[in-house]
Amino acid sequence: MSVKQTMVRLALEKGLDIAFKKIKADPVNGVTDAVKLLEQYMPNTKHDEVYTKTGNVFTNFPHYVEDPNSKWVKFGTHLVQDVDTDILKSLAINLGYNAGYVGLEKVRDIRDEEKRNAPWVLLFDPTSACNRHCTGCWAAEYGHQLNLSYEDMDRIVTEGKEQGIYFYLVTGGEPLVRKTDLIKLCKKHSDCAFQAFTNGTLVDEEFCQQLLDVKNLTLNISVEGYEEQNDARRGEGCFNTVMDAMELLKAHKCLFGVSICYTSANYKTVVSQEFLTMLQNKGCKYAWFFHYMPVGNSASTELLLTPEQREEVYHKIRYMRSLACPLEMALLDFQNDGEYVGGCIAGGKNYAHINANGDVEPCVFIHYSNANIHDMSLKEALSQPLFKEYYKRQAFNDNMLMPCPMLENPEVLKEMVKESKAHSTDLQSPESAEHLCSKCEHYATEWAPVADKLWNNKEHK
């Protein structure tokens, strides 16, 4: 980070202190002023017109706070009231300025100058160990004996920052098995934003205090429905343990969200306003939605959604994000929001994944690679042949509601793996790209006409 950027960040920190105080005293005008402050320090850059239709990540904020009675003004007010101020300040600086502005500018420079993908966010698995074995979880295919050492993780983040990456998601296995090392990592790299995808069963009083101490680690807690549905997939007693964890995090004013895998069995529940309102009342501020992927030799295809079911999810999430719905949660649909990010974001276009064995993969759902961080630098791993195939071929479809090279364009993944000579990274039961993609062919054929109908109407524009 340059001297100028460091000075801007320090000025932004002081401005945020004033903004948060004003929001508490005058919520409506305070939220509007905070948005204006972000605009001031993060104007459009030279890349925005090339890479997006809307400018940088902050450009649309004023639109959402134009109406002082809108739910997003209420959301901002409640966010400041419910979450520790230092956590919010760290989020605004690290995820907002460092990652969303300075880092984004650098990774775009790399793409333009080196003609390769350069991720904005990096996922890595501290461990493959987990106390659950949930249906449809990619981590369950790796086994339970693999770990990245603290030194491995420290090197990943250190080299990542050199590439402009200031945002890191830790997955697993269950990443909180490595609580001590994660907290140590967050303390050392206090200029980065970290999120952990967790089953929530290891959250306790001491860990909540540690979250308040480091300020730059937030949790995405996995939940798949109410007790019966959730525990059928995650194990008896899991739901109640997760609800207790949310109550504990809320009491400590820690920021957290949920991670939801929607399937043919649970989709009606998890995208219902009633269910999400329950989570909101527990203190949840955002939700990541993930479409079920049939990854692994033994993965069931019965949990794949029908076209009608996926369309219902598409409409419901968009309604609940709209001003017409009172729900105050930020909702992100990993599969159906391709229109906002230019289709598939994997293969280093916007993100990449490093498993607990060190294999650098294009996606958490695509277990093939030519590179391992134990053999080369992160920069070299991100320039591997498979990632170059992604760079040459993205977007894989003109219809951004069919973004994935596996789920909606299965012939493409097979070709990329073959051309790059990538190998399976599943050490327990290696799955060929042909076998994986064969499970998606019928789904892709059935979804295509529905996706075309949605894409060609005015709703997505």
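**Aromatic pairs**

I looked up Phe 275 and found a relative accessibility of 0%, so Phe 275 counts as buried. I note here that the model is a predicted one.

Next I asked how the rings of Tyr 226 and Phe 275 sit against each other. Their centres are 5.2 Å apart and their planes stand at 85°, so I logged the pair as edge-to-face. Phe 275 belongs to helix H13 (residues 273–281), while Tyr 226 is in the loop between strand E4 (217–222) and helix H10 (227–234). The two are 49 residues apart in sequence, so the pair ties together separate parts of the chain. Tyr 226 has a relative accessible area of 30%, which means partly exposed.

I then searched the whole structure and got 14 aromatic pairs. One of them joins Tyr 168 and Phe 194. This pair is stacked, with 5.7 Å centre to centre and 25° between the planes. Tyr 168 is in strand E2 (residues 167–170) and Phe 194 is in strand E3 (residues 193–198). They are 26 residues apart, and the pair links distant parts of the chain.

**Around Pro 175**

Phe 197 came up again when I turned to Pro 175. Pro 175 lies in the loop between E2 and helix H8 (179–188). Its relative accessible area is 0%, so I wrote it down as buried. Setting aside residues up to four places away in sequence, Pro 175 touches Pro 126, Val 170, Leu 182, Ala 196 and Phe 197. I took the C-alpha separation of Pro 175 and Phe 197: 7.3 Å, for residues 22 apart along the chain.

**Nonpolar core and surface patch**

Which members of the largest nonpolar core touch the most other members? I found Phe 124, Leu 276 and Leu 279, out of 139 residues. Helix H6 (residues 85–114) gives the most to this core, eight residues.

Leaving out residues up to four places away in sequence, I listed Val 223, Met 243, Met 246, Val 258, Ile 260 and Cys 284 as touching Leu 279.

I looked at the surface as well. Val 3, Met 7 and Leu 10 form a nonpolar patch there, with about 300 Å² of accessible area together. Met 7 is in helix H1 (residues 3–25). Its relative accessibility is 52%; the cut-off for exposed is over 50%, so Met 7 counts as exposed.

**Salt bridges**

Side chains of opposite charge can pair when their charged atoms come close. I counted 24 salt bridges.

I stayed in helix H1 to begin with. Glu 13 and Arg 9 meet there in a salt bridge, 3.9 Å from N to O. Both lie in H1, four residues apart, about one turn of the helix. Glu 13 is partly exposed, at 24% relative accessible area.

Helix H7 (residues 150–162) holds Glu 159 and Arg 155, also four residues apart, about one turn of the helix. Their side chains form a salt bridge at 3.1 Å, N to O. Is Glu 159 buried or exposed? At 18% relative accessibility, Glu 159 counts as buried. Arg 155, at 27%, counts as partly exposed.

I then logged Arg 178 and Asp 181. Their closest N and O atoms are 2.9 Å apart, in a salt bridge. Arg 178 is buried at 11% relative accessible area, whereas Asp 181 is partly exposed at 21%.

My last item here was a network of salt bridges. It links Arg 318, Arg 321, Asp 337 and Glu 339.

**Whole chain**

I closed the page with totals. I count 19 helices and eleven strands. Of the 461 residues in the chain, 60% are buried. The accessible surface comes to about 18700 Å², and 53% of this belongs to carbon and sulfur atoms. Among contacts between residues at least 6 apart in sequence, 74% join residues at least 24 apart.

Note on methods: Residues are numbered from 1 along each chain as its sequence is written. This is a predicted model: local features need pLDDT of at least 70, side-chain atom pairs count only at pLDDT 80 or more; totals for chains, interfaces and linings use all residues. Side-chain values use heavy atoms; hydrogens and water are left out. A nonpolar core is a set of buried Ala, Val, Leu, Ile, Met, Phe, Trp, Tyr and Cys residues joined through side-chain atoms within 4.5 Å. Buried means under 20% relative accessible area, exposed over 50%, partly exposed in between (1.4 Å probe, protein chains only). Contact means heavy atoms within 4.5 Å. Patches are made of residues with over 30% relative accessible area and no salt bridge: like charges are joined within 9 Å, nonpolar side chains (Val, Leu, Ile, Met, Phe, Trp, Tyr) within 5 Å. Accessible areas come from the Shrake-Rupley method with a 1.4 Å probe; for residues, only the protein chains shown count as cover. A salt bridge is a side-chain nitrogen of Lys or Arg within 4 Å of a carboxyl oxygen of Asp or Glu. Rings of Phe, Tyr and Trp (its six-membered ring) pair if their centres lie within 6.5 Å; planes under 30 degrees apart count as stacked, over 60 as edge-to-face and the rest as tilted.
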